Amino acid sequence: MAAGGTDMDPEGPGAGEQPGGLRSALAGLTTRGRSFLAAGVAAAVCSYVLGQADLLRVGLLLAALPLVCVAVVYRTRYRVAGSRRLAPARVPAGSEARVHLRMDNVSRLPTGLLMLQDRVPYVLGPRPRFVLDRVEPGGRREVSYRVRSDLRGRYPLGPLQLRLSDPFGMCELTRAFSAYDTLTVVPRVEPLPPVRLTGEAAGYGDGRHRSLALAGEDDVIPRGYRIGDDLRRVHWRSTARYGELMVRREEQPQRAHCTVLLDTRRTAHYGSGPDSAFEWAVSGAASAAVHLLERGYAVRLLTDTGSSVPGPDGGGGFTGSTHDSAETAGLMLDTLAVVDHSDGGGLSPAFEVLRGGGEGLLVAFLGDLDEEQAATAARMRHRTTAAVAFVLDGAAWSRGGEYGSTPELEDRLRRLREAGWTALPVGPGASLAQLWRQADSQGATRADAGGRVVGGMTGSWT
């Protein structure tokens, strides 16, 4: 929410005050006011040339009317406060958000006719304008408008502007509030089906290990009693030793980890706009990250440049407890809202990060790969992790037609699969939900054909 106040008198202490005094007020003459002033001056000159006193009176009247209006508007003092509220402040691309504006007259005088307008970027739509009738002292007026963008990003809204005019429309003065808000348009998140994949590393999914805090009566690691603990878990020997109630620790499940890798190399993606390959990859990364966070995974978002979200915090960049999953999802979506092409030429920075802490599942959204980058991506897959790659077919996306595999793409996919990846090609308009199921069936087929699961044991990817 943004709020602010302004004084409609240029000499007042208003937040939206503009310097210039009476000169700025004269600059606020409308086309009508300038026409009246010019006509008055012309009539006065003609009266002098023709010697017509009556014409001089008409000229003086025409010239005086806009000047009087300027003086009246210039001396008018209105104190108003404005606020803005976004509902919601974070929206997916292609969805609408509603902006609520509120104006309060905090002075003891009623206002005249006011024009309210808000400044918005052109991608969100036309600039909204509202005409506010007389606002009584202490009164308020509320209006709203809708904004929509097919392009993700962070867009500033504001500042609010008020335009005061006289009853004859001769002069208009504009004052602006100082506060503004930011609308965040995040990538579209596609709901993904719960599937059961093979190839997930031991210790994750349904097969995730549980570390017991109790190894026996003589090897117990108790903790202090907390309100709500079951009294049957009180460890009396430790209670007698420490002089306070101590309870046995419960089983602590080890959280499954997942890294979502997004290839942002400029040379790996073709085209631009909402339907481009890069935007599909960004939306896919957002969908996968949110889906896995909802399933209890500790997720890290990694780009080809080696930067990760959440940043390294002692946990390798992964999220912490399950209670911050919604907050982490919002952080990742905010990051993906402004992610852009990188000028990097390879995936080596991301490989170095994964080599230092690449535990758990790896889901990658890759652009075009040459032989060197395909070899680097193949090495990312550790023996103790499962890896799924969605490789975008740049040639098909650039043509804008239906997907048609090329020998180069098949060679890259084969190399990834030989390294243990579950690799799928992605053509224009592909559905991530269908590819998600296909990744499951492909992994199961590979496991059945080989008689074992390469690099791990069967697990749950839901």
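## A parallel pair: β3 and β11

Strands β3 and β11 (residues 181-186) run parallel and pair over three bridges. Two strands count as paired if DSSP finds at least two bridges between them. Helices (H or I, at least four residues) and strands (E, at least two) are DSSP runs, numbered from the N terminus. Within the pair, Pro92 stands opposite Val186 in β11.

This is a predicted model: local features need pLDDT of at least 70, side-chain atom pairs count only at pLDDT 80 or more, and totals for chains, interfaces and linings use all residues. Residues are numbered from 1 along each chain as its sequence is written, and side-chain values use heavy atoms, with hydrogens and water left out.

## The sheet around the pair

The pair belongs to an open sheet of three strands. Their order is β3-β11-β8, and the pairing is mixed. Which strands stand at the edges? They are β3 (90-92) and β8. Each has a single partner strand, so one side of each is left without a neighbour in the sheet. From one strand to the next, the twist averages 25°.

A helix packs on this sheet: α6 (residues 325-338). Helix α6 touches β3, β8 and β11. Its direction makes about 90° with that of β11. Axes are lines fitted to C-alpha atoms, for helices over the stretch in contact, and angles run from 0 to 180 degrees between N-to-C directions. Contact means heavy atoms within 4.5 Å.

## Salt bridges

A salt bridge is a side-chain nitrogen of Lys or Arg within 4 Å of a carboxyl oxygen of Asp or Glu. By this rule, the count is 18. One of them joins the side chains of Arg152 and Glu279, at 2.7 Å from N to O. Arg152 lies in the loop between β7 (140-148) and β8 (153-157), while Glu279 lies in helix α5 (residues 277-294). The pair therefore ties together parts that are 127 residues apart in sequence. Is Arg152 buried or exposed? It counts as buried, at 13% relative accessibility. Here buried means under 20% relative accessible area, exposed over 50%, and partly exposed in between (1.4 Å probe, protein chains only).

Arg265 and Asp263 form another salt bridge, with their closest N and O atoms 2.8 Å apart. Arg265 is buried, at 3%. Asp263 is buried too, at 0%. Salt bridges with shared partners also join Asp411, Arg412, Arg414 and Glu418 into one network.

Arg163 and Glu172 meet in a salt bridge of 3.5 Å, N to O. Arg163 is partly exposed, at 25%. Glu172 is partly exposed as well, at 29%.

## A nonpolar patch

Which residues form a nonpolar patch on the surface? They are Val41, Val45, Tyr48, Val49 and Leu50. Together they have about 580 Å² of accessible area. Patches are made of residues with over 30% relative accessible area and no salt bridge; like charges are joined within 9 Å, nonpolar side chains (Val, Leu, Ile, Met, Phe, Trp, Tyr) within 5 Å. Tyr48 lies in helix α2 (residues 31-50). Tyr48 is exposed, with a relative accessible area of 73%.

## The whole chain

The protein chain has 11 helices and 21 strands. Of its 462 residues, 47% are buried. Take the contacts between residues at least 6 apart in sequence: 74% join residues at least 24 apart.

The accessible surface of the chain comes to about 22,800 Å². Carbon and sulfur atoms account for 53% of that surface. Accessible areas come from the Shrake-Rupley method with a 1.4 Å probe; for residues, only the protein chains shown count as cover.
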